[in-house]
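User: Hi! I've got a model open and would like to walk through it with you. Could you take a look with me?

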Amino acid sequence: MEQPRRPSRDQPLQVDVWIIDLDAVRDTDDALRADVAPADILYATKAAAPLLGRRRLAGRAVLRRILSRFQHEQPSMLTIESGPFGKPRLVRLNSPPLAFNMTRSRNMAAVAVAKCDSLGIDLEHEAGPVADFASSILSRDERAAWAALPSSQRDVAVYRAWVRKEALLKGLGCGLTQAPDQIEVPLLPARLCRPNSWPSELAVDGWQLADLSVRAGIVGSLAFRAPNLNLCITYMTEVDLAHENIALSGRT
Ligand SMILES: CC(C)(COP(=O)(O)OP(=O)(O)OC[C@H]1O[C@@H](n2cnc3c(N)ncnc32)[C@H](O)[C@@H]1OP(=O)(O)O)[C@@H](O)C(=O)NCCC(=O)NCCS
């Protein structure tokens, strides 16, 4: 049986982050369907357009193929349950918990997996001016800090705040049932940071945020709750899904 990997406070938490271009997944739809559950196929068929359905299907297949590397079962045989607000959880009998979370933004997906309590991840493509977006997701104090930034930094700062807040809300499992402007986060880049403030009903104590390196024009954040004060992210890209040949692109 797999031994628990309970890191001490001194050891960095190891998080594997797969960054996947869903449009570059070469498998046929039939090959993808063979690796998912019936509910995943239904979810894909309900998408508003064929390309979006294909991305949903590829995303669910990629997620199951990644998790099967940890669980040593066929991807389609894994039991994934949803929490009260839809957060997926891998059911593992006689094994230590395995936290995971995934995100999709257009063609790009990211999946994070670690042996810790909980994870949240979010990616967003930066797209155009953001003044309205800023007023809906930033708190009053954050808006004041944002307005004081040099204009060249403002657009990306809003996306950075957004992915940090959404990663955190996904880590907690409540998603956007909680308004993002209730949580305050730093606006500037940081390898690791913590939220600045949050409503008392949210259990945000002990959570940290890490900026993700994805590609130009995409911002990403990982939220994690673990006893560790530090973490090591291993980035995985270029997944040859059919042959489980995963290339390591770098560490941070
Ligand atoms: C969680 C949430 C912010 C994700 O929004 P999104 O625009 O789809 O964002 P992302 O692409 O980053 O994440 C999607 C993935 O997050 C995961 N996810 C879904 N709900 C989640 C939740 N509550 N917490 C954490 N992760 C969640 C799934 O793996 C999902 O992948 P899928 O599309 O293949 O199912 C949004 O769905 C939400 O606020 N959900 C809670 C409220 C709600 O609508 N619940 C309805 C179902 S009970």
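This is a predicted model: local features need pLDDT of at least 70, side-chain atom pairs count only at pLDDT 80 or more; totals for chains, interfaces and linings use all residues.

User: How many bridges join strand 6 to strand 9?

Analyst: There are 8 bridges between strand 6 and strand 9, and Asp-122 sits opposite Ser-221 of strand 9. Strand 9 then pairs with strand 8 over 7 bridges, again in the antiparallel sense.

User: What about the hairpin of strand 8 and strand 9, how many residues are between the strands?

Analyst: That hairpin has 2 residues between its strands, and Gly-217 takes a positive phi near 85° there.

User: Is strand 9 mostly covered or mostly open?

Analyst: Mostly covered: 7 of the 8 residues in strand 9 are buried.

User: Which residues in the largest nonpolar core touch the most other members?

Analyst: That core has 62 residues, and the ones touching the most other members are Ala-110, Val-111, Ala-112, Leu-119, Leu-222 and Phe-224. Helix 6 provides the largest share of this core, 10 residues. As a general point, nonpolar side chains in soluble globular proteins tend to be buried together.

User: Pick Leu-119 for me. What does it touch, leaving out residues up to four places away in sequence?

Analyst: The residues touched by Leu-119 include Ala-99, Phe-100 and Asn-101, along with Ala-112, Gly-171, Leu-222 and Phe-224.

User: Switching to Cys-193: which strand is it in?

Analyst: Cys-193 is in strand 7, and its bridge partner in strand 8 is Leu-209. Leu-209 in turn has Ala-223 as its bridge partner in strand 9.

User: Why does Cys-193 count as partly exposed?

Analyst: Cys-193 has 16 other C-beta atoms within 10 Å, so it is partly exposed; a buried residue would need 20 or more, and an exposed one 12 or fewer.

User: What is Cys-193 in contact with beyond its neighbours within four places in sequence?

Analyst: Beyond those neighbours, Cys-193 contacts Pro-186 and Leu-209. Its C-alpha atom is also separated by 5.8 Å from that of Gln-208, which is 15 residues away along the chain.

User: Last topic, the ligand. Which residues around it come nearest?

Analyst: Of the 18 residues around the ligand, the nearest are Gly-86, Lys-87, Thr-103, Gly-175 and Leu-176. The elements giving two or more residues to this shell are helix 3 (50–71), strand 4 (99–105) and helix 6 (151–172).

User: Which element gives the most to the shell?

Analyst: Strand 4 does, with 4 residues.

User: And how does the shell around the ligand split by class?

Analyst: By class, that shell has 7 charged, 7 polar and 4 nonpolar residues.

Note on methods:
Residues are numbered from 1 along each chain as its sequence is written. A residue is near a molecule or strand if its C-beta atom, placed from the backbone, lies within 6 Å of it. Ala, Val, Leu, Ile, Met, Phe, Trp, Tyr, Cys and Pro count as nonpolar, Asp, Glu, Lys and Arg as charged, and the others, Gly among them, as polar. A nonpolar core is a set of buried Ala, Val, Leu, Ile, Met, Phe, Trp, Tyr and Cys residues joined through C-beta atoms within 7 Å. Two residues are in contact if their C-beta atoms, placed from the backbone, lie within 7 Å. Two strands pair if DSSP finds at least two bridges between them.
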